[in-house]
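My entries follow in the order of looking.

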Amino acid sequence: MDKGLSLQNVTIFNGDAPLIRVHHDVAPGAVLTVMGPSGVGKSTLLAFITGTLAKDFKATGEVWLDGHNITHAPPHQRRVGILFQDDLLFPHLSVGANLAFGLPPGGTSIQRQAKIDAALSEVGLEGFAPRDPATLSGGQKARVALMRMLLSDPSALLLDEPFSRLDAALRAQVRDMVFDRARARALPVLMVTHDAEDAHAAGGVVITLGHGDTVPKR
Amino acid sequence: MKHLAILAALLAPLPALADIDPANWDEVTAQAQGQTVFWNAWGGSTTTNDFIAWVGSRVAEDYGVTLEHVKLTDTADAVTRVLSEKQAGQDDGGAIDMIWINGANFAAMKDADLLFGPYAEQLPNWALVDFESKSVQTDFTIPVEGFESPWAMAQVVFVHDTATMPDALGSMDDLLEWAQSNPGRFSYPQPPDFLGTTFLKQVLIDILPDASVLAEPATDDNYDAVTEPLWDYLDALTPNLWRAGRAYPATGTAMFPLIADGEVDLSISFSPGAASTAIANNELPDTVRTFVLDKGTIGNASFVAIPYNSGAKAGAMVVANFLMSPEAQARAQDPTILGYGTVLAMEKLSDDDRALFDALDLGIATLTPAELGTVQAEPHPSWMTRISDDWVTRYGVAQ
Amino acid sequence: MSRRYLLPVLPALTLLAMLGPVGAGLWGTFLPAFGHLPAAGLTGPSLDPFRDLFGWAGLPRAMMLSIGTGLLATVISLAIVMLVTAGWSGTRPFLMLERALSPLLAVPHAAAAFGLAFLIAPSGWLARLTSPGLTGWDRPPDLLIVQDSWGLAMTAGLIVKEVPFLLLITLAALGQADAQRSVRVAQALGYRRLTGWLKTVFPRVYAQIRPPIYVVLAYAMSVVDVAIILGPNTPPSLSVQIVKWMSHPDLAFRLEAAAGALLQLALVIGALVVWRIGETIVAALGRRWIASGARGKADAVVAGGALVAGTFSALAVLLGLVVLAIWSFAGFWSFPAALPDEMTLRNWLRFGPGTLKALGETAVIAVTAAMIALILTIGCLEAEYRHNIRVSQRAVWLLYLPLLVPQTAFLPGLQTLMLNIGADVGRWPVMLAHLVFVLPYVFLSLADPFRAWDTRMGVIAAALGASPDRVLWRVRLPMLLRPVLTALAVGLAVSVGQYLPTLLIGGGRVATLTTEAVALASGGDRRAIGVYGLMQTGAALVPFALALLIPAIVWRNRKGLRHG
């Protein structure tokens, strides 16, 4: 598979005990939803893909992204974007500087500023660049976090319970926005959630993990 | 800084490495230019520290010598340092270039060949020194032989607050009697402090019918018999001391606050002008006066010596010579500055220089040279060492 | 060495910087203690140094002083802190006391001791304020208050400095002990607040603060500067006597000093063992007390007494600083006048230039030592994060080790060792000696906030393409600006306050505000001491003020970091 995210025989062990096993491809623009109760290891799967798996865990199998094996690449060279349930905007940087942090180096400062302004207006936050992120509402923060991640030009998108902190009205709005942007950029998306509504809204394949589950490749 | 000086010395042409000839003063001042002199001197007296800082600014101005005052709590520290450097084989570029020294420490260093010299009598200002009548050629009975140069005269005086103790005392027996009827009103610095042991020697000299035995080294045969009256005296005095002798001031200057607060009425000082200086600095009330005993009191000179392994001998000699200059001597005698006695002979000075001294107001608490009376010689250092050790055993640890 | 390989060896380097000098110093003490000192032409082994030591008439008293003041100071300061916390934590008086005590942590021991001496001496400020009106004294009474033979003044001087230290340590531990809820449960069961706290929270808190308590005990038993200022002299405590022997012109006395240093080490180890046994006894008694179900009848009295003691402790230091300030401006000031006859700038004009020079030396040493310590600490913590190194409880004890070995046990040895190998004294060795004491405090101060940082920030930043170094410099350290600056300030304050390492390793050539101030103690010039003491306190306090101020200014528009 040339494009998209491919998890090949990925098994994560907690010590010697196998925790989860996943073997799946996610095509560009498609969403794979992983469901399961908390503690099942959903987040360790994402940590394995981002390259930040804690030392307590061991893993076998390979992660391929757009035809490259990224299993052993350093985290910052994987081009895998991630969103958590918290916005995790850098509190010491302005909204604009948060976005600039995601933007790959290159271009004049005017060009970079233009990209940031465009990203902000894309999500209806014109003129927010100089703001302190702590003064934003929950929905605004989520949008900034999304745009920051998209500006870094990732090749895949991971979502770790991304909407669980948002209230019901905001939730659908932000969720649609995330999936729309991901589809528009043809990003393979892997979402872990325990929320059935999120899974349904994603519209893609849903796999449910129990302890030691094996998920066959479709 | 010091490293640079050593490096410069190493890189200079070879003759610079050889010890310099003190008699060749032009060569001395030429070499001194740019040198840094580490003067190790007791740092417990702020007036002395100020004076040394002034000396530093003057030698920097006139000779390009940088003077660093290494403030010691005990001169013995410096002696230790030079001794250990010698034992470690560091025969050049040692940490110390000059030491304020006299008595036992000088004897120890001279004995162990730790001093540079003779140099003192070659310094230009030696010609002005009153070596005929002031004891600057022996130090605690040890012949100086040019291994240290004098810069101040000291003599024991008693300091009393006339507001609470109007009358001077004439002898050590009077002092004991007075202390017994005024308990808790007198103390002396804790031996082995310099001034504290001086007090013990002063007691011994004053109460012995014939003190000439002290000029010779103490022997096992005569020590006990000679010092017995001293211990009897102290046994009688100690319960009547300040804090009943369970604590002592650390040094002579630490006694001034005690007088200022009215904790004691009587104290002892080795500097006839120190009380006037302390009055000028608000450290003593202006009712304080000084007196000496009828039979006179102990006097000696303060010297500076240069360690054999100093890397800045020329600079140190320049400083030593400046200390004997009329300018520095007159300033040291000024009671608002330091109040130390001069080592110079007034009749050897030019009229202008003599005028510097004549202009001084010695201060209300300072005795004139005539009033200071007889100067008693210091006993041989061996007495001081043994008495000091015995004092520690008898009174210093047993309370 | 490339940076990639530098980071993993930093923890080893840090341990070497902390423990190397201690180990070398103990070795340098051990040899001369058994008669081996080639520099003085002596070769061992021989037991003569110990024979000389035990022949010294002052030894029994000096030992008793060391043990007595150490244990008493530790027990009393611990009791004050535990009882105040038990009786008052979470209340307004507690908050006020905490605010008053926190800055006192930075006040150097020497300055606090001088202030206390100027306060409680028979001619001190307290006597002046109450005389002759209340006391009838028109001259100071002939009472042995300061430098008393029992070392009580010295013990008090230690207590007023250890109470703030133990309080801050306890506050840090409370956060992890879930104290509020435990006390609430106990109160619901009918226990009074103080008894409830002691029975439920104390055991957990104590287990956490045990290492710093041991540090306090070891320190109090072997302190030198406080003992010189407040302690007795007939004889002095063992540590002061060791330093006196070290500076004796006769090198042979170094052997006696070394033997004394080993004895000091043995005393500290012995006291720690006794303390450990005491812990089990107290624990057994405590279990009985808990089983008895007593609800705490005397609570109000005990809590009140503890609060008064804590307040006195804070006041002693604060008023001490005030009286230092008064002396620094004093003209003639006779007893029993409450204030000097006149206030003058003369003393500052006289001693100001000298203090500025010493301040320069102090600053160069403190900034270098604290910066090195900070860099090593950040390096260690970052290595731990990047390479997933787990720190065991045992490794934490390693941090405390240099603080547990008495300074007088290894610094004389370090000096003798440097002498033997011909190393130069001066600034660099002093900085390295300071590092031994600065490093543990900087590490302990920064470790918790550094580890508490949300590592998901790092995951996000890496996912945005930031390399590990960029994450550290652009995200983690800016976010941790305040704790980083606080750790730096702690390091500076520790370095500013060091007396013995500066004196012994500097060979007298390195004159800092602390060595100059303690040297003035022997001269007794209270005006000079006032000026130097205030400058010393300022040098330790200003960095803390900056550590609060700088983040507040830099992040004035960043609400999210205001409570970080």
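Helices (H or I, at least four residues) and strands (E, at least two) are DSSP runs, numbered here from the N terminus. I am working on a predicted model, where local features need pLDDT of at least 70, side-chain atom pairs count only at pLDDT 80 or more, and totals for chains, interfaces and linings use all residues. Residues are numbered from 1 along each chain as its sequence is written, and chains are lettered from A and ligands numbered from 1 in the order in which they are written.

**Entry 1: helix 8 of chain C**

I began at the end of this helix. Helix 8 of chain C is followed by C:Gly190, which has a positive phi near 95 degrees. Next I looked up burial. A residue is buried if 20 or more other C-beta atoms lie within 10 Å of its own, exposed if 12 or fewer, and partly exposed in between, with C-beta atoms placed from the backbone. Helix 8 spans residues 179–188 of chain C, and C:Ala179, C:Val183 and C:Ala186 are buried in it. These residues sit on the same side of helix 8 of chain C, because they cover an arc of only 60 degrees around the axis. The arc is taken over the directions from the helix axis to the C-beta atoms. On the other side of helix 8 of chain C I found C:Gln180, C:Arg181, C:Val185 and C:Ala188 exposed. What do the buried residues of helix 8 of chain C pack against? They pack against helix 7 (152–174) and helix 9 of chain C. Contact here has a cut-off: two residues touch if their C-beta atoms, placed from the backbone, lie within 7 Å.

**Entry 2**

Two packed helices are described by the angle between their axes and the distance between the axes. The axes are lines fitted to C-alpha atoms, for helices over the stretch in contact, and angles run from 0 to 180 degrees between N-to-C directions.

I took helix 9 (residues 193–200) of chain C as the opening partner. Helix 3 (residues 59–88) of chain C packs on it at about 120 degrees, with the axes 7 Å apart. The two helices are therefore oblique to each other. The classes are: under 35 degrees roughly parallel, over 145 roughly antiparallel, 65 to 115 roughly perpendicular, and the rest oblique. The crossing of helix 3 and helix 9 of chain C is right-handed. A crossing is right-handed if the near helix is turned clockwise from the far one by less than a right angle, and left-handed if anticlockwise. Helix 3 of chain C brings C:Leu83, C:Ala86 and C:Gly87 to this contact, and helix 9 of chain C brings C:Arg193, C:Leu194, C:Trp197 and C:Leu198.

Then I checked helix 14 (residues 299–328) of chain C. Its axis comes within 8 Å of that of helix 3 of chain C, and they cross at roughly 125 degrees. Helix 3 passes helix 14 of chain C in a left-handed crossing. On the helix 3 side of chain C I listed C:Ile80, C:Leu83, C:Val84, C:Gly87 and C:Trp88. They meet residues of helix 14 of chain C, including C:Val302, C:Ala306 and C:Gly310.

**Entry 2: chain contacts**

Which chains share the most contacts, of the two pairs in contact? Chains B and C do. I counted 46 residues of chain C in contact with 50 residues of chain B. Among the elements of chain C that each supply at least two residues are helix 15 (346–386) and helix 24 (526–554).

For the other interface, 24 residues of chain A are in contact with 20 residues of chain C. Strand 6 of chain A gives the most to the side that touches chain C, with three residues. Chains A and B do not touch, and their nearest C-alpha atoms are 44 Å apart.

I found a cis peptide bond from B:Pro191 to B:Pro192, with omega near 10 degrees. B:Pro192 lies in the loop between helix 6 (172–181) and helix 7 (194–207) of chain B. Another cis bond joins C:Thr234 and C:Pro235, with omega about 0 degrees.

A:Asn9 is not a glycine, yet its phi is positive, near 50 degrees. A:Asn9 is in strand 1 (residues 5–14) of chain A. Is A:Asn9 buried or exposed? A:Asn9 is exposed, with 11 other C-beta atoms within 10 Å. B:Thr141 also has a positive phi, about 70 degrees. B:Thr141 counts as partly exposed, with 19 C-beta neighbours inside 10 Å.
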